[in-house]
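The tour below goes one selection at a time.

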Amino acid sequence: MSQQAIDKSNAEFWDTLCGWGLAQQAGITGERDDDLARFDELYFRFYPYLERYLDEPLEGKKVLEVGLGYGTLGHAIASRGADYHGVDIAPGPVSMMRRRLGLLGLSGDQVRQASVLELPFESETFDYVYSIGCLHHTGDLGRSVDEVHRVLVPGGRAVVMLYYRHSLRRTVYGLRDHLSPARRRRAEEHTRGMYDADPEGAPAPHTDFVSKREVRSLFRDFERVRIDVRNFDSLRFGTKREWFLDNVARLIGLDLYIVADK
């Protein structure tokens with residue numbers, strides 16, 4: 001697809017809030033007053049390591065979030081006293097984040113619909129940029145990382161999550177590389193759907209998976225880069241996913257968390 005087509009498809013696909021499956025399982029509709037608080041509790045319980053990346057001196061700092069989803073991360077950032085700004089390519093997450101800020105007594109004017117490939121901000125604007133599970137869907141990962149670098153102040157920090165190419169899941173499904181081209185395409189679509197799918201089961205329009213080496217190349221303009229492997233699949237046979245988050249998942253987990261200082 002052309003970049004224009006990917007952008008259009010992404011705006012449509014991600015209008016359904018990322019995290020809708022977790023909300024559905026919990027019976028969260030957004031209509032009850034406590035629905036968002038219950039969702040946030042479930043979200044941080046499922047990704048307990050995520051709060052470690054919020055352990056930053058955010059109060060009074062100018063922070064940009066790229067890719068808003070249900071607004072859990074943005075809500076946590078804004079509630080820590082940050083000067084919060086948010087962008088998303090789809091209108092649904094923008095509306096949700098504006099609602100969240102309203103609940104905190106803050107203006108939603110600093111949340112807007114925009115693409116990370118053309119961020120509507122001057123260079124060297126933000127102290128922090130957070131983007132969890134967004135940049136690998138843009139269709140131009142290199143350009144998105146360059147834009148994150150551009151809007152950071154010197155010494156600023158980016159916290160970015162990208163899908164790990166060498167995870168256990170990808171290794172298992174990597175057998176598709178030995179299939180015929182037609183079957184390979186179907187297998188790739190199925191694998192993408194395991195990560196992100198809409199309520200009808202269709203996978204995200206575009207997804208990149210990266211290695212640690214590729215991350216270091218993508219973030220080559222940053223002064224310091226740390227890469228953590230996180231997250232793990234739910235398993236059968238009576239085992240619990242949580243058992244593996246601080247051991248096996250640190251080697252062959254699903255996601256790469258990149259902390260990069262400009």
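Which glycine follows α5, and is its phi positive or negative? Select glycine 105: this residue comes after α5, and its phi is positive, near 80°. The model is predicted, so local features need pLDDT of at least 70 and side-chain atom pairs pLDDT 80 or more, while totals for chains, interfaces and linings use all residues. Residues are numbered from 1 along each chain as its sequence is written, and side-chain values use heavy atoms, without hydrogens or water.

Next, select residues 91–103, helix α5 (helices are DSSP runs of H or I, at least four residues; strands are runs of E, at least two; both are numbered from the N terminus). Its buried residues (under 20% relative accessible area, 1.4 Å probe, protein chains only) are Gly92, Pro93, Val94, Met96, Met97, Arg100 and Leu101. Their cover includes α3 (35–46), α4 (72–79), β2 (83–88) and β3 (111–113).

Leu36, Phe39 and Asp40 of α3 meet Met96, Arg99, Arg100 and Leu103 of α5 (contact means heavy atoms within 4.5 Å).

The whole structure has 16 aromatic pairs. In one of them, phenylalanine 46 and tyrosine 47 sit edge-to-face, 4.9 Å centre to centre with 85° between the planes.

Key:
The expected span of a helix is 1.5 Å times one less than its number of residues. Buried means under 20% relative accessible area, exposed over 50%, partly exposed in between (1.4 Å probe, protein chains only). Rings of Phe, Tyr and Trp (its six-membered ring) pair if their centres lie within 6.5 Å; planes under 30 degrees apart count as stacked, over 60 as edge-to-face and the rest as tilted.
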